[in-house]
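Have a go at each task before you read its solution.

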Amino acid sequence: MIGENAAGKTTLANCFFPMLIDGSIATPSFNPAKGTDRVDRTTGPRNSSRDMRTFNSMLLGWGSGAMKVRTGYSYLYLRSRQRQVILGIGAHRNVSEKRQPTWWFVALTTDVSTPLTVAVTNETGESLELGDFMAANEALGKQLHVFKTVDEYHAFVATQVYGFNDGKALTKLASVYRLLASPILTAGNARFTPIREALKNAQEGIDSQIINKVASAQRKVNRTNGSLQRIQRAQDRLQKMKKEIFWRNLNRIDERMLQSYSQTQRQFKNNQEACEQAKQRIAKFEKLLASLQENLEQSAVTLKVLRQEKANQATIAEQRKQYEQRLADLNRRLKQYRQQQQRLAELEEQATAVAERLAELETQRQVLKQQHLQPLLTKLATQAAELTELTDVVTEVDPNVLVKKLATYVHEQQRAYQRYQDDERAKQHVSQDVQIVTDMRHELDDRIDQHASGALQTRVRKDLHQDNQEVHDAGAAKMNTEFQRLLGHQQELLQAHADLKASLAAPDRLHDLAEQRQQLADVLAKLVAGDQERKRQTEKQSDLIGRIQEVQSDMEPNFDEDQVIAEIDDVQQRHDALIVDLKIDDKIEQAEIAQQKLSNQQQEFTSQRAIAEGEIKTKTDFMTQQEQALVAFNQRIEAALQTLAPYQPDQVHLTTVEAVLAFVQQHGSEVRNSRFEDLTSQISKLIHRNDQDGIDRNALDTVFEERGHTAEASAMRQQRSVIENELNVVAFGINQAIVLMKTDEAHVAQALEVLQSGNDAAQTYYLSSAITIISKQYDLIDSYNQMLSEGVSREQSIKLKVALTPASVSAKVIEEARNSQLATRPALEAEIKNRLRKLASDLTVADDDEAFMQKAQDMLDTRQWSDFKVLIKRRQSDENHYEEVDDKFVQSGGSGAEKAQAMVLPLLLVPKMVLRQASLTDAPYLVMFDEFADKLDPETAKSFAKTIDRFGFNFIATMPGGAQNKILADRVDNIAYEVIAPQNENDNQFHLNHVREALVWGATHESVS
């Protein structure tokens, strides 16, 4: 499939391959593989949130043009000389429904003469739903198989179409197909190691039944080994249990008894020492109290003298206080007088400024009246002479009212003047129209004479002249009526406004009057503003006068400032002459503090002496109780040690309190870390502890029951631990249980020696199969290398070959297996016996049959004994110089063409090997390559195509338009289809791609259009 980039080639291919091979609609079927790690997977693909394209998006489309509901089909037609097969899938999707029906179908027939077809659309081209599909193809009968689940489809295709024994081989085949179809193989970031593993596992191996048979022979030995190990593990658990019981119970004895015993013993000794120390303190306090009594008596005498001195100082202090009050009063009066004087001066200054402002305002008022207002009024009166309406205005006495009336007068006169002028202009227009009508009548008379000049038209001409005159005279009469109306309106205006005639005679008169009115209004506004300012200043003046009078009334009458100052000086001198001892109170306070301190010390020492006496009594009572507690602790500890005796380690014999105290002190860290609280859980876990699968194959109760020791097993299950003398111990004799397990260990070991013999028949059959399979594995390498070399057309081309080398076995083992002439094969037989011995000794699978058989498959599968190597000869290398292909080579070492062949061709061997295991000879050999040969030159591309053909594969490839020219001469039959993308109309609609046949070429012709 060829076409432009983003035409949908890969998308189209993914709609049928490899989806229809295994039926999986998971996301890996529609997205490039992320790596090679899962090439050998044996489980189907799973949806991944990292994959952008899904089955639903392939069906419905994506973006704004995606469909909401659609039913669609995809099917693949295959034909061989023996059969015809159609593999298909149908699906219905509705984005608003949770149910998403999907069905798979296979049409299969051995009749190759009649074309095999299925109907998936009705006569209108609409896709059929499941029921309609089955009805439309009912004629196919048993040839059509429809499946509701992918697992049923998968199993049917694996067994009936390919001929595999089960679906695992088909799953592996589809996994390789998905990887082959991904461009990641040549991108340089894939790993090669998984491909080598896939090559190894794709080989034919020894039949699993043969491996199972020889493994079963070892199963009893393995189980006996498991029993022996369980007995040994049981002994280990019992020894650990014994240790846990000893140390954790010792922790219990330490926490509950020893620590309390030691603490009580320490408290008893501490109380003895405290009593002795208290007696010493009593003697010391008695001496101190005698000395304090003498000091208290001397302090009382000193305090009495100081208090007398303070009484004498009280009189002096009272006099000083009186002088201080007098000084304060005099200073207050002097300060108040000075402040009032200052305030009075400020108010008088403000009153002077206001008086000056009032005089200035009066001067301005007189100037406005005399120089501006009066001349304007005189001028207006002069202009009003012989004008009746204006005279009515100017005779107004109040100038403010005169201004308003004058404004009204000017406005009305201007309005009448304008209307009169409008009528005058209309009269002029009417006069002009009458003249035009008269001229038109004369002109029409002339034209009537011109056009109606014949003798037969004399009467018509006369009538036309008469009509012309009547029509135009009627029009002139109407215009004259309008003229008279306008003239009458003008007379009405002159009668309504007596002064209008003067305005018409002098057009500028009204303009002058308007200006005079404005001037008069301005003068009046200034007079009003001046009057308001004068009123405010007058009010301010009255306020200032009142405030001056208020200050004067508050001033002290007849106040003499000099006399007051002299009196202040005199009183100050008298005050300073009186001296007071200011420290007398401090001296008394210090004396009182000293006396109080001595008194407090006396009380403290007396109290301390009483406390010491009480402490002696209390300690004595405590010591009596502690002696009794020590005796009780001693009895509890010795009883607990008797209970712990069976669990004590060898060489340890703890029977007395002193012995256990010394032992715990010596092993303090271990005792502290062995928490008693966890002992019950530890005992329970050691007896029976399930793993993550809910199984404990080494459970003590199970082991003892298996060995026939039911009493011990029952004790372990019914009462795993008991409390005895405050300790937690087990309900069975632990030393006796250890002896029982040692005895059983000897018996089982003896039985194992008897079992480890025989099994020769199964091993001989397995040996024969191993020889056959190993020989086939190595013999096929030559045929694979022949296929890899057949496509090479030049000596200096890139060449590949594969090799199989021993891995987990020696070369001698492989050499013996491949030599059919040998009678004995010691190395191979030794290798098999060694593996069987390891299998029998692997106790991790002793109780799990499934795990044991899987382990047997891993160890006895001869495919795992050898490793595949892929070798490459670079284009410029010597003919016999090959280097190994590994992760380093494909990620950074090789060129694009070398990586392409080194990754793809070896990987192509995997499906080749898998398909060799198919029982049907016409099983489909079909692979797909995305961006085929994009890193190859034409010559290498042709070799690549021929090699794929030699492998027996038909292949589908996607290539950019024009890239098909690389392989036109590859002599491999091909058909090129061109994929054409729809025109992007940005109309949010769903548009179909178009596919058309573009080119055909093959082995017998180069190209045919």
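**Exercise 1. A helix and its surroundings**

Which residues of H7 are buried?

Solution. Start with the ground rules: this is a predicted model in which local features need pLDDT of at least 70 and side-chain atom pairs count only at pLDDT 80 or more, while totals for chains, interfaces and linings use all residues. Residues are numbered from 1 along each chain as its sequence is written, and side-chain values use heavy atoms, with hydrogens and water left out.

Step 1: Buried means under 20% relative accessible area, exposed over 50%, and partly exposed in between (1.4 Å probe, protein chains only). Helices (H or I, at least four residues) and strands (E, at least two) are DSSP runs, numbered from the N terminus.

Step 2: list the residues. The buried ones are Pro194, Ile195, Arg196, Ala198, Leu199, Lys200, Asn201 and Ala202.

Step 3: Helix H7 spans residues 193–202, and eight of its ten residues are buried, so the helix is largely enclosed by the rest of the structure.

**Exercise 2. Confidence**

Find the mean pLDDT of the chain, then look at residues 1004–1009.

Solution. Step 1: pLDDT is the predictor's confidence in each residue, from 0 to 100. Its mean over the chain is 82, and 92% of the residues reach 70 or more.

Step 1: over residues 1004–1009 pLDDT stays under 50, and the model has nine contacts (heavy atoms within 4.5 Å) beyond four places in sequence for them.

**Exercise 3. The nonpolar cores**

Which residues touch the most other members of the largest nonpolar core?

Solution. Step 1: a nonpolar core is a set of buried Ala, Val, Leu, Ile, Met, Phe, Trp, Tyr and Cys residues joined through side-chain atoms within 4.5 Å.

Step 1: the largest core has 123 residues, and Val106, Tyr162 and Phe932 touch the most other members. Helix H27 (residues 896–916) gives the most to this core, with 13 residues.

Step 2: apart from this core lies another, of 48 residues, among them Leu250, Ile253, Leu644 and Phe732.

Step 3: zoom in on valine 106. Beyond four places in sequence, its contacts include Val85, Leu87, Leu144, Phe147, Tyr153 and Val161.

**Exercise 4. Aromatic geometry**

How many aromatic pairs are there, and how are the rings of phenylalanine 105 and phenylalanine 133 arranged?

Solution. Step 1: rings of Phe, Tyr and Trp (its six-membered ring) pair if their centres lie within 6.5 Å; planes under 30 degrees apart count as stacked, over 60 as edge-to-face and the rest as tilted. By this rule the count comes to 17 aromatic pairs.

Step 1: phenylalanine 105 and phenylalanine 133 have ring centres 4.8 Å apart and planes at 45°, so the pair is tilted. Phenylalanine 105 lies in strand E4 (residues 102–109) and phenylalanine 133 in helix H4 (residues 130–136), so the pair ties together parts that are 28 residues apart in sequence.

Step 2: phenylalanine 929 and phenylalanine 932 form another tilted pair, at 5.5 Å centre to centre and 50° between the planes.

Step 3: Tyr73, Trp103, Phe105 and Phe133 form one aromatic cluster.

**Exercise 5. Strands**

In what order do E8, E9 and E10 lie in their sheet?

Solution. Step 1: two strands pair if DSSP finds at least two bridges between them.

Step 1: the three strands form an open sheet in the order E8-E9-E10, with antiparallel pairing. Strands E8 (799–806) and E10 (883–884) stand at the edges with a single partner strand each, so one side of each is left without a neighbour in the sheet.

Step 2: E8 pairs with strand E9 (residues 866–873) over eight bridges.

Step 3: elsewhere, eleven bridges join the antiparallel strands E2 (residues 69–79) and E3 (residues 84–94). A hairpin of four residues connects E2 to E3, and tyrosine 73 stands opposite glycine 90 in E3.
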